[in-house]
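Subject: Structure handover

Hello,

Here is the structure I promised to pass on. Please open it alongside this note; my findings follow below.

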Amino acid sequence: MKRLAVLLLGAGLIFGAVIAAGNRAMAQSGGLVVDNAWARATPGHSDFGAAYLTIRSPTADRLVAVATPVAHKAELHTMEMSGMVMKMRPVAGIDIPAGKAVTLAPGGFHVMLTGLAKPLRAGESFPLTLTFAKAGTRTVEVAVQPVGAAGPRAAAGGH
Ligand SMILES: [Cu+2]
């Protein structure tokens, strides 16, 4: 009985050490994760588009810049009501609260791409580099979805 208790205690210590190592690895990489990156295919010869994604960080951070080789310019935009019309405008950054997912989605925050070298076609993907005030940079592959796609999260209102 005593021997079993010692074995269980030993297993507990090893398990604890594994979790601690995992947490350290998270801290070293900043712990900030970007996923679900997607964009809508651009119709015809349109040379602007928008990309959307989700950001999670265990500590408060701020997204301050975006860049991609497929567009002349990438900017952070938001959408808001101006009278009866939804308008978009550039923002200097997007705050990422600790432990709370921030999703860029149609109708709200988005990465605005202007001067696309070529139209975005469904099924393709392109790299997007995000710069954070504390966590540094993250580069993700943005999956291009069909023109009408609402993305991983259904949302009303186009770009
Ligand atoms: Cu925009």
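Arg40 has Gln145 in E10 as its bridge partner. That bridge belongs to a parallel pairing of E1 with E10, made over three bridges. Two strands count as paired if DSSP finds at least two bridges between them. Strands (E, at least two residues) and helices (H or I, at least four) are DSSP runs, numbered from the N terminus.

Two notes on provenance. This is a predicted model: local features need pLDDT of at least 70, side-chain atom pairs count only at pLDDT 80 or more, and totals for chains, interfaces and linings use all residues. Numbering starts from 1 along each chain, as its sequence is written.

Overall layout

Read from the N terminus, the order is α-β-β-β-β-β-β-β-β-β-β. There are 159 residues, and 24% of them count as buried. Buried is defined as 20 or more other C-beta atoms within 10 Å of the residue's own; 12 or fewer is exposed, and anything in between is partly exposed, with C-beta atoms placed from the backbone. Of the contacts with a separation of 6 or more, 70% are between residues 24 or more positions apart. A contact is a pair of residues whose C-beta atoms, placed from the backbone, lie within 7 Å.

Strand pairing

E1 also pairs with E2, this time antiparallel, through five bridges. Within that pairing, Ala39 has Ala51 in E2 as its bridge partner.

E4 has two antiparallel pairings to look at. Six bridges link E4 to E8, and Ala74 stands opposite Leu113 in E8. Six bridges also link E4 to E5 (residues 85-90). There, Glu80 is partnered by Lys87 in E5. E4 and E5 make a hairpin with two residues between them. Gly83, in the turn, has a positive phi of about 65°.

Asn36 deserves a look too. This residue is not a glycine, yet its phi is positive, at about 55°. Asn36 sits in strand E1. It counts as partly exposed because it has 18 C-beta neighbours inside 10 Å.

The core

The largest nonpolar core holds 30 residues; Ala39, Ala51, Tyr52, Val111, Leu128 and Val142 touch the most other members. Such a core is a set of buried Ala, Val, Leu, Ile, Met, Phe, Trp, Tyr and Cys residues joined through C-beta atoms within 7 Å. The elements that give two or more residues to this core include E1 (33-40), E2 (48-56), E4 (71-82), E8 (110-116), E9 (125-132) and E10 (136-145). E2 gives the most, with five residues.

Where is Ala51 found? In strand E2. Ala51 counts as buried because 25 C-beta neighbours lie inside 10 Å. Leaving out residues up to four places away in sequence, Ala51 touches Ala37, Ala39, His110, Val111, Leu113, Leu128 and Val142. Take Leu128: Ala51 and Leu128 are 77 residues apart in sequence, but 8.9 Å apart in space, C-alpha to C-alpha.

Ala39 is worth checking next. With the same exclusion of residues up to four places away, Ala39 touches Gly49, Ala50, Ala51, Tyr52, Leu120, Val142 and Val144.

Best regards

Definitions and conventions
Contact = placed C-beta atoms within 7 Å.
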